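Hi everyone, thanks for coming. Today I'd like to walk you through some charged side chains and who they pair up with. Have a look at the picture first, and then we'll go pair by pair.

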Amino acid sequence: MSTISQWRLRAAFAARLSQMYGQEVPAYTTLVDVAREVNEDVLRTRGADAERLGSISRVTAERHGAIRVGTPGELRQVARVFAALGMHPVGFYDLREAAASAVPVISTAFRPVDGGELARNPFRVFTSMLTPADPRFFDADLRSRLEAFLAGRELFPPELLALADRAAAESGLPEDEAERFLQLAVEVFELSAEPVDRAWYETLEKVSAVAADIGGVRSTHINHLTPRVLDIDELYRRMTDRGIEMIDTIQGPPAWKGPDVLLRQTSFRALAEPRAMRTPDGSVVSGTLRVRFGEVEARGIALTRQGRALYDELLGRVDELATLNPTESRGDLAREVWERHMPGSEEELAAGGLAFFTYRVTDDRPRDGSRPPTTIGDLVRQGWVRAEPVVYEDFLPRSAAGIFQSNLSGEGIRDNDQQGAAYDAAWLSGAIGRDVLDPFARYEEQRNRSLAHVARELDLPDILG
């Protein structure tokens, strides 16, 4: 019997999850259809330039999902499931600090890290964990009740975890076991029909709608699933024209005439979905909850640490201008700031050490007997090598928090007089039981591998930045 490799398991899981979510949330299918239409139009209009940040086949297949869990133990089990799919935790995101309203979660993203694996299937899952220990959101009594509730549930059946461990250890599964693994894995993230304890859910909802979605039910579910689009502004217009209510803004960098960097995201608003509710007298009634929405993303070039510092600085400037000019469009203000302070071309980003590129020796440069220079800037300018932008594969905490906030029914409760519980990437690595990788280090490795290859091809001892 043939073995199904990890990347094929990952691709199959992403496809089945997308099919399931489309059945549960029909507006998601509309979102995927509109994204495909926009991508086809952009490809016709821009030609090869449309695939500058990934082939159209990759962009069309690309998805990121989002899930939420309650405890470090549940997060460890999530990590085992995604390890079966060749996905690793990358990045630490503290949404508590990125949100003005109550979003008591920390997050990481599970994704492939090898360039070849990303090209085959770049599926990633943004995974958030509740923080009951943070007294800004949960007093001692509510924390105790919440932790007891979470300790009494099982999200991932033992059979699924055993198959996941085998797939991770053996880099795949036999066909019949692969099918069983996929069936169980998709079922975990389906919306449960089990009645929700209304009083308990509402207790948590007063603190945070996100906390209620995680700790107010006995299961987890896919919270949103995100296609990738090449023109997110056009998609926003087309979705609105179809009568689908979108959130107020597109999160991330503004639309402008320069290179796309990092990540832009938006979504349609969370829908009122029917859910069975158990009342205090034990009867079950029909109710609705607004927790799931349809997000879409446009990915740009990965920025270096220096570039990211500039990005954060520009966001701060936009915040100041928006406060001083409350009647002006934030998007217009951001565009003005970007056009004054952000380099307007890939060449300038590379020259300033602000963005990540990989490099390859050009095949068509005339050989005139001269020796190649030893700096990457001169090699590019003189035509010895070609710079290709590295796609940003990760997330922005402020944008993620903005999407969460835009789909909340209320601001929740946050006591800023309390000292927040401390979490960081090292803590999260210990909680998961495996290293949470630094995204900057991953991009640096990509760039450095390409430079080493160029140095060998051109017989250079070293290449300077």
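Let's start with arginine 166, which is partly exposed, with a relative accessible area of 30%. Before I go on, please keep in mind that this is a predicted model.

So who does arginine 166 pair with? Its partner is glutamate 170, and the two side chains form a salt bridge at 3.1 Å, N to O. Both sit in helix H8, residues 158-170, and because they are four residues apart there, about one helical turn separates them. Glutamate 170 is partly exposed as well, at 48% relative accessible area.

Salt bridges can also link up through shared partners. Here, one network made that way joins Arg58, Glu62, Arg124, Arg228, Glu297, Arg299 and Glu393. And how many salt bridges does the structure hold? The count is 46.

Next pair: arginine 136 and glutamate 97, whose side chains meet in a salt bridge of 3.0 Å, N to O. Arginine 136 is in the loop between strand E5 (124-130) and helix H7 (140-151), while glutamate 97 is in helix H5, residues 95-98, so this pair ties together parts 39 residues apart in sequence. Is arginine 136 buried or exposed? With a relative accessibility of 7%, arginine 136 counts as buried, because the cut-off for that is under 20%. Glutamate 97, on the other hand, is partly exposed at 48%.

Now for arginine 111 and aspartate 394. Their side chains form a salt bridge at 2.9 Å, N to O. Arginine 111 belongs to strand E4 (residues 105-111) and aspartate 394 to the loop between strand E14 (385-389) and helix H17 (397-406), so here the tied parts are 283 residues apart in sequence. Arginine 111 and aspartate 394 are both buried.

Last one: arginine 292. Where is it? Look in the loop between strand E11 (284-290) and strand E12 (294-299). Its relative accessibility is 1%, so arginine 292 counts as buried. Its side chain makes a polar contact of 2.7 Å with the side chain of glutamate 24, and another of 2.9 Å with that of glutamate 273. Leaving aside residues up to four places away in sequence, what else does arginine 292 touch? Its contacts include Tyr21, Val25, Leu191, His221 and Asn223.

Note on methods: Residues are numbered from 1 along each chain as its sequence is written. This is a predicted model: local features need pLDDT of at least 70, side-chain atom pairs count only at pLDDT 80 or more; totals for chains, interfaces and linings use all residues. Side-chain values use heavy atoms; hydrogens and water are left out. Helices (H or I, at least four residues) and strands (E, at least two) are DSSP runs, numbered from the N terminus. Buried means under 20% relative accessible area, exposed over 50%, partly exposed in between (1.4 Å probe, protein chains only). A polar contact is a pair of N or O atoms within 3.5 Å; within protein, one must be able to donate a hydrogen and the other to accept it, and residues adjacent in sequence count only if both atoms are side-chain atoms. Contact means heavy atoms within 4.5 Å. A salt bridge is a side-chain nitrogen of Lys or Arg within 4 Å of a carboxyl oxygen of Asp or Glu.
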